[in-house]
Structures are given as C-alpha cells and as structure tokens.
Amino acid sequence: MSTFNIKLKHDELLTIGGYTGYICMFLGVFMVLPILVAIICHDAQRYINAFTFSAIITFIIGSLAYVYCKNNKTVHLSLKGSLIFVMGIWGVVAFFAALPFFISGDLNLIDAFFESMSGITTTGYSMYPPCDFNYSIGLWRSLIQWLGGLGIIFLLLVLVPSSMSMKRLFFAEGRTEQMTPNIKHTNIIFVKVYLIITAFAILLYLIAGLDVYDATCYAFTSIATGGFSVDSSSVGNFQSPFIQLITIILMLIGSTNFIIFYKIYKREVSNLFKDIEVRSMAILVIIATIIVSFNLYMNNYYGHDILTIMRHSLFQVVSTISSTGFQSMDISYWPSLSITILILLMFAGGSICSTAGGIKLYNIAILFKSIWWQTEEMLLPKNTIFKRKINHAAKEKEISNREIKEILIYVLAYVMIFILSTFVISIYYNNFEYACFLSAASIGNIGIGSLVSSSMPIFIKILLILEFWVGRIGIWPLLLSMVYLINMGKNKIESFEEH
C-alpha cells in the first residue's frame, strides 16, 4: 500500500457537510432579496416563481445537510480537509445560485451553471445575449458577484462559532494575511470594511445621477471587481466621464489590499506609499496607460482626441488589472499592441486580500525582485548574509527562500494551466490570439470582451468554468484535490491487487 495517504476522516467529512449546509441555508435566505425586487418592480411571474422555488430548494437541502452532518464532537479540519472543502464549496454554491437562471427558463442547465460560476468567481462572462435584464435577474447577478468578492469562506467564518479550523480555512481560500492575530476578528473587520466601501460606492453613483437600482448593482459589481452589468452595453452607455471616473476609483479600491484600508482607519499610514503592492499597481497602471494611449493615438483612434484616448485607455487598463472587465468602448477593434498589454495585465491582477483575480501583484513583484536579489547575491562574497526585505502592509517584511520557491511554483502552475487551456481553445477555434485572450481572461477572472456565447461547444464552456473556478480559489486547492483523487484511486487499485 502507498504510504502517501490523504484520506479524510469520517468526522472531517461530517464537518465539511455541516459547513456546506450552513452556507446553503444562508444562500437560500439571501434569495429573498430578488424575490422582493421582482414583486416591487413587477417582473414576470416566472421570475418570482423561479427565485421562490430556488430559495426553498436551497434552504431545505442546506438544512438537511446541516442536521444530518451536525456532530456534537468538536472536529478540527486538517489543511487537506480545508483545501478540499474550499475547492468543493464554490462548486456547490455556484450550482444552487444557478437555479433561478435555469428554473426561469432563461438558460439551460450548463449555461446557467456557467453564468453562476462566472458570477460567484467575479469573472463577468455571460451566457445571456446583450439585453436589459429583468430587475430580479439583474440584481441576483450583481449580488452573487458581491458575495463572491467577499468570499464564501469569509462569510462562513463570520457566521460559525470560533474553532481551530478557522485559520486553516482562512488560508485555504488564498487569504495570506491577517489584520489582527484573531482570525474571526479579522473576518469581521474585513466584512465591515467591505460593507462601508460598498455603501460609499452606492453613494457615489447616486451623486452621479444613477437611480437606486442601477447605483446598487454597479456598486456591487465594481467593488467586487466582477464586471456584470444590468444593461446591454456595460458602462459604455454612460457617456458621462464623471461616471467612468467613479468606476475607475471603485475598481482600484476593490483591487487594493483591504488591510491598507484598515491601516488607514487606524491612522497607520507612514509606510503605506512604500508598500510593494501599492507601488506596483501605480507603476503598471501609469506605464500601461501611456503605452496604450500612444498606440491608439498613432493608429488614429477617436479622432486623435488625446483626452478621450487617455480616458478610455486608463479605464480599460484599470478594468483589466483589477480583473473587473467593464468596457467603456468596444476594444475588439483596438490594435494588437494594446490588446497584448491588456493580456499581460490579466496575468498580474490586483493585490492579495482584495477582490481581484490574477497571479496577484505581490507574487509578481516578489518574483521580479528575487531575480534582482539573486543577481546581487552572486556578486557578494560567499559567506555574506543577505537579507531580502520589502515594505508591505505598513511594515517591513523579510522574504525567505521558501516563500520565493512557493511563489515560483504557483506562477509556473498558473502559466501551465493557461497554456493548456489556450492550446485546447485554439484547436476548436483555430485562432491563437482569441484563445490567448479568452484563456487569460478566464483564469484571471476578468471576463473582458464579448468572447463567449451560448453557441459555444459544451466542452469549451466546461473548460472555462474550470478556469473561473481555479482562478478564484487559487492553484493549491486544485492541485491537492487532484492529488487526493489520484491517490485515492491508486490506493484502491493497490488494495485490490493485494487481495
């Protein structure tokens, strides 16, 4: 028998089932909001029925799972259990969140799951054709992106009592930093910051002239860096530069490490502008905007109006690096250099402990700094003690060789998944540039560009769903889940052969 055994204990499985039930019950209650909106705004009866049935189904199944799996004995999830739970819960939530799209008759089952996974992972690609959505559907799409931006595990850790499993679940969802030593306290602060920023976003849109419904939906998707829109033209229908400026500010806020806002609240701002992520974001946005603007100007876009060019360039650069995916203009006709810059920004993504996707600025910055550090170290005497330090989250931090190794493996795995996906998509579409853009946008949870439709092959839809999934939860839960399944099958085969 293999000595490498990561089989979960029965009590751990019960704990996972109980947590899953807890989340499903909350999601079922949350569906009451679009039901109320559907009634108030006079949506068609089929939408009221769809959300009502979905809420009942989700809540009942969640209650049954919680009651069946409830265990009086306190069980702490191991790291492997936490990673597998994180991998699975996003799929479960996406399935139940897809029910209104399916039961209403708007989408078939696979398209509904695609829409839901794209929403909950804050990707933003849609199976709906360009249209002005019913109020309940539009709100639900925005709500699931807002919940996805917050994070399912974050929500769970706020709701459930404190336990030793909290820290493992916290880190298993890709949160690598804490605001306070106590995980539950950190989660509560995070949720408070998220709510305050959301309220601030709604207020800004109201001041800009949007009605309450549009202001709320766009605030949800901007802060979550999701990109779903309640009308057919994203924010391109807003001709007001003021609304586009507000959206740029909100996308930057959503893609900034939330610990930064906590430090500002605590008035610990002395080293914030030295933060490696803040500086990286500023440098990338400025350089990318200048290059894209120059490229558009030289190709005679927008009548050589430099202010219009700069505005649209800045908007698309921020929308891409924040992994939001909003479009102020149709970028499908932009020159190749501008598209290439956007693809590169898709890989970078936003900050860790933010709502943005991608590899994350912290990892990218450490990777490039490690090249510099290694070069410097080679020029020093052999026994010299060399310390690698950065400024991050208002404090100085030393980077170990182990952390650099983990980041390198993470980035390599990320790129390998991108390459594999690009290869498969290019087989189906025979368009390498399209395949690169779609794959990078999907795993980066960006959803920019009108690249998907319900007519796509089912296999490609499933592939993109998996990319959304992996892009949101990170590489490690996927790798551990694969190792878990492979070794489980291997152990069963070895056990069968021994008998």
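Good morning. Please bear in mind that the structure before you is a predicted model.

Which residues, then, line this cavity? They are Ile23, Phe26, Leu27, Val93, Ile120, Leu147, Ile152 and Leu155. Two elements give two or more residues to this lining, namely helix H1 (10-30) and helix H7 (152-159). Helix H1 gives the most, with three residues.

As to volume, the largest cavity holds about 70 Å³ of space. A search of the whole structure returned two cavities of 30 Å³ or more.

I turn now to the backbone, and to two histidines.

The first topic here is histidine 42, which lies in the loop between helix H2 (32-40) and helix H3 (45-69). Histidine 42 is not a glycine, yet its phi is positive, at about 60°. Is this residue buried or exposed? Histidine 42 counts as exposed because its relative accessibility is 70%, where the cut-off for exposed is over 50%.

The other is histidine 304, in the loop between helix H13 (276-298) and helix H14 (306-321). Histidine 304 also has a positive phi of about 60° although it is not a glycine. With a relative accessibility of 38%, histidine 304 counts as partly exposed, since that class lies between under 20% for buried and over 50% for exposed.

Thank you for your attention.

How values were computed: Residues numbered from 1 in each chain as written. Predicted model: local features only at pLDDT ≥ 70, side-chain atom pairs only at ≥ 80, totals over all residues. Heavy atoms only, no water. 1 Å grid on protein atoms, 1.4 Å probe; cavity = no way out; pocket = protein on both sides within 12 Å on 5 of 7 lines; lining within 4 Å. Points joined across faces, edges and corners; volume = space filled by probe spheres on them. Helix = DSSP H or I, 4+ residues; strand = E, 2+ residues; numbered from the N terminus. Buried < 20%, exposed > 50% of the residue type's maximum accessible area, 1.4 Å probe, protein only.
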